[in-house]
Amino acid sequence: MSTATDLFPTDRVVGIVREILERRSVNRSILPDDDLREAGLNSLDMVNLMLAVEAEFDLKIPDADMTLRNFRSISAIEALVASMQRPPQA
């Protein structure tokens with residue numbers, strides 16, 4: 001049996017986005033580069049998305065990175081998560 005942490009980061013982000021959209025009764029497919037605000041997320045949804053990504057990936061995203069640009073699309077979120085999960089370079 002697989003758990004959420006067994007999924008690829010993209011699948012985990014897609015799951016979070018779908019859950020938020022479903023709460024708003026938005027039932028449409030989302031492509032990785034689709035603008036999430038145009039897909040139906042409002043400003044409160046975006047804040048919830050940011051918090052959900054932190055919780056899902058056990059991250060503390062610095063305030064400077066909590067921008068609409070970093071959360072514009074699934075691809076942008078995935079890139080942010082990947083950059084934060086890389087070990088620091090010596």
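The model is predicted: local features need pLDDT of at least 70, side-chain atom pairs count only at pLDDT 80 or more, and totals for chains, interfaces and linings use all residues. Residues are numbered from 1 along each chain as its sequence is written, and side-chain values use heavy atoms, with hydrogens and water left out.

**Confidence**

- The score used is pLDDT, the predictor's confidence in each residue, from 0 to 100.
- The protein averages a pLDDT of 88, and 88% of the residues score at least 70.
- Among the elements of the protein, α3 has the highest mean pLDDT (95) and α1 the lowest (92).
- Where pLDDT is low, the predicted coordinates should not be read in detail.

**Helix α1**

- Helices (H or I, at least four residues) and strands (E, at least two) are DSSP runs, numbered from the N terminus.
- Helix α1 covers residues 9-23. The expected span of a helix is 1.5 Å times one less than its number of residues, so the 15 residues of α1 should span 21 Å; the end C-alpha atoms are 22 Å apart, which agrees.
- Buried means under 20% relative accessible area, exposed over 50%, and partly exposed in between (1.4 Å probe, protein chains only).
- The buried residues of α1 are R12, V13, V14, I16, V17, I20 and L21. They pack against α2 (36-39), α3 and α4 (74-85).
- S25 follows α1 and has a positive phi, near 60 degrees.

**Helix α3**

- Helix α3 covers residues 43-57.
- In α3, the buried residues are D45, M46, L49, M50, V53, E54 and F57. These residues pack against α1, α2 and α4.

**Salt bridges**

- Side chains of opposite charge can pair when their charged atoms come close. A salt bridge is a side-chain nitrogen of Lys or Arg within 4 Å of a carboxyl oxygen of Asp or Glu.
- The structure holds 5 salt bridges. One of them joins the side chains of R12 and E56 (2.9 Å, N to O). R12 lies in helix α1 and E56 in helix α3, so this pair ties together parts that are 44 residues apart in sequence.
- R12 is buried, with a relative accessible area of 11%, whereas E56 is partly exposed at 27%.
- R24 forms a salt bridge with D45, the closest N and O atoms being 2.9 Å apart. This pair links distant parts of the chain, with R24 in the loop between α1 and α2 and D45 in helix α3, 21 residues apart.
- R24 counts as partly exposed at 39% relative accessibility, whereas D45 is buried at 8% relative accessible area.
- Contact means heavy atoms within 4.5 Å. Not counting residues up to four places away in sequence, D45 touches I20, R24 and G40.
- The side chains of R28 and D34 also meet in a salt bridge (3.6 Å, N to O). R28 counts as partly exposed, at 43% relative accessibility.

**Surface patch**

- Patches are made of residues with over 30% relative accessible area and no salt bridge: like charges are joined within 9 Å, nonpolar side chains (Val, Leu, Ile, Met, Phe, Trp, Tyr) within 5 Å.
- L44, V47 and L51 form a nonpolar patch on the surface, with about 280 Å² of accessible area together. Accessible areas come from the Shrake-Rupley method with a 1.4 Å probe; for residues, only the protein chains shown count as cover.
- L44 lies in helix α3 and is exposed, with a relative accessible area of 55%.
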